[in-house]
Amino acid sequence: MTDRLVDIRRTLAEAPADLVLERLGTELANCYGTTETELLQVDYRLAALVPLHGGDPVVGAGSPAWQCFDHQSEVLQDEVLYLPVTVRGERIGVLRLSPAPEEPDRREELAQAATALAHELVAVRAGTDKYAVGARTRRLTLAAEMQWELLPGRSRIRPSFSLAGQLEPAYAVRGDSFDWADDSRRLWLCTVNGMGDGVSASMLTCLGTNALRNARRAGLELADQAALADQAIYAYHQGIQHLSALLLELDLHTGTVEAVDAGSPRLLVLREGEVVEQPLDDQFPLGMFDGTIYQSQHFQLSRGDRLFVVSDGVLDATSRTARYGETALHRAVRRTRSMAPLEAVRSLLGDVRAFVGSDLVDDAVVVCLDWHGS
């Protein structure tokens with residue numbers, strides 16, 4: 001590591017939470033002669049790159065900023081350098097710098113600085129609203145605010161898997177959500193849909209998600225995780241409200257998936273260009289009845305398989321004359337096979353929005369998982 005990078009890391013670590021980018025800009029100006037340092041954060045809808053310091057969001061897919069974001073690589077155009085701001089697969093946005101250094105080794109140092117910035121932004125995000133507000137193109141509803149705060153992130157990468165998820169309508173989502181966690185051996189993934197509207201649905205989803213996390217962190221088996229969450233929701237709502245959920249546990253070494261389907265969304269596998277519906281035993285939603293006993297089942301992924309979890313908000317999306325349906329869904333899933341998971345969920349939901357002709361009315365969640373093998 002060069003002395004310049006050591007100084008940059010120290011500057012980032014010592015910067016006040018709301019001045020991380022400004023202090024980085026000063027350090028880069030001293031070390032590399034840059035005159036502009038701007039962070040373009042991807043918005044909640046995955047549709048715009050929003051400058052932190054103001055200005056028009058970048059929405060054109062062919063722009064250098066979006067090329068950098070989509071391909072996760074350096075883009076140099078007209079002496080302006082664009083670098084991905086990403087940490088462990090979580091794509092925060094793009095760092096825009098000018099003038100760009102001519103030397104490739106200095107641009108490589110700046111790429112490492114952009115990664116260091118991503119780590120620092122994750123570390124300070126809980127202590128300031130600046131970056132959360134700066135990534136919005138309009139106000140979130142209260143229910144959506146609750147849902148986005150509940151998420152573990154929007155994308156995740158390890159050598160054995162790549163993962164991404166998205167909620168729609170992004171600025172007004174209510175009951176749909178997802179959660180995940182991983183270690184060196186397993187990946188846990190769940191998607192949930194709390195019944196009801198507005199804050200009522202968000203509160204139910206929050207209760208269910210935290211009950212599932214509590215059970216998972218206690219080391220319970222997957223079926224017992226569902227049972228504990230079922231008890232927690234029933235104890236509070238007495239069956240008046242319930243939560244549809246799909247719980248998955250993937251063995252990262254073997255590709256074996258354990259599943260509990262509690263009134264879940266649709267599960268699809270894209271294998272060698274073909275879409276396969278993964279059948280699961282449908283069980284009662286969480287909290288519908290007192291003391292439900294859940295059973296898990298298993299299926300096998302092959303190396304290179306892509307798994308999609310898609311809620312009914314996608315399948316049931318309607319235009320003026322038709323329902324989106326399975327045929328369109330399978331076609332959209334097949335088109336994603338060369339895309340990274342985050343691009344895949346964005347592409348699929350973009351196809352649904354184009355079909356509807358506007359933002360989705362009903363909640364929808366899409367999660368995409370690639371298993372690469374151990």
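Modeller: What follows begins with one tyrosine, Tyr294, and then turns to other parts of the chain. The model is a predicted one.

Tyr294 is found in the loop that runs between strand E13 (274-277) and strand E14 (297-300). Is this residue buried or exposed? Its relative accessible area is 4%, and because buried means under 20%, Tyr294 counts as buried. Apart from neighbours within four places in sequence, the residues in contact with Tyr294 are Ala223, Ala226, Ala227, Asp230, Val260, Ala262, Gln283, Phe284, Pro285 and Leu286. As for its place in the whole chain, the C-alpha atom of Tyr294 is separated by 56 Å from that of Val80, and the two residues are 214 residues apart along the chain.

With neighbours within four places in sequence left aside, Tyr234 is in contact with Gly239, Gly287, Met288, Phe289 and Asp290. Between the C-alpha atoms of Tyr234 and Gly175 there are 17 Å, and 59 residues along the chain.

Elsewhere, helix H3 (residues 64-71) is largely enclosed by the rest of the structure, because six of its eight residues are buried. These are Pro64, Ala65, Trp66, Cys68, Phe69 and Asp70. They pack against strands E1 (36-42), E2 (49-51), E3 (75-77), E4 (80-87) and E5 (90-98), and also against helix H11 (341-356). After H3 comes Gln72, with a positive phi near 55 degrees.

Lastly, the axes of helix H1 (residues 3-14) and helix H2 (residues 20-32) come within 9 Å and cross at roughly 160 degrees. The two helices are therefore roughly antiparallel to each other, and their crossing is right-handed. On the H1 side, Arg4, Asp7, Ile8, Thr11 and Leu12 take part; on the H2 side they meet Val20, Arg23, Leu24, Glu27, Leu28, Cys31 and Tyr32. By class, this contact has seven nonpolar, one polar and four charged residues.

Methods: Residues numbered from 1 in each chain as written. Predicted model: local features only at pLDDT ≥ 70, side-chain atom pairs only at ≥ 80, totals over all residues. Heavy atoms only, no water. Buried < 20%, exposed > 50% of the residue type's maximum accessible area, 1.4 Å probe, protein only. Helix = DSSP H or I, 4+ residues; strand = E, 2+ residues; numbered from the N terminus. Contact = heavy atoms within 4.5 Å. Axes fitted to C-alpha atoms, helices over the stretch in contact; angles between N-to-C directions. Parallel < 35°, antiparallel > 145°, perpendicular 65-115°, else oblique. Left-handed = near helix turned anticlockwise from the far one by under 90°. Nonpolar A, V, L, I, M, F, W, Y, C, P; charged D, E, K, R; others polar.
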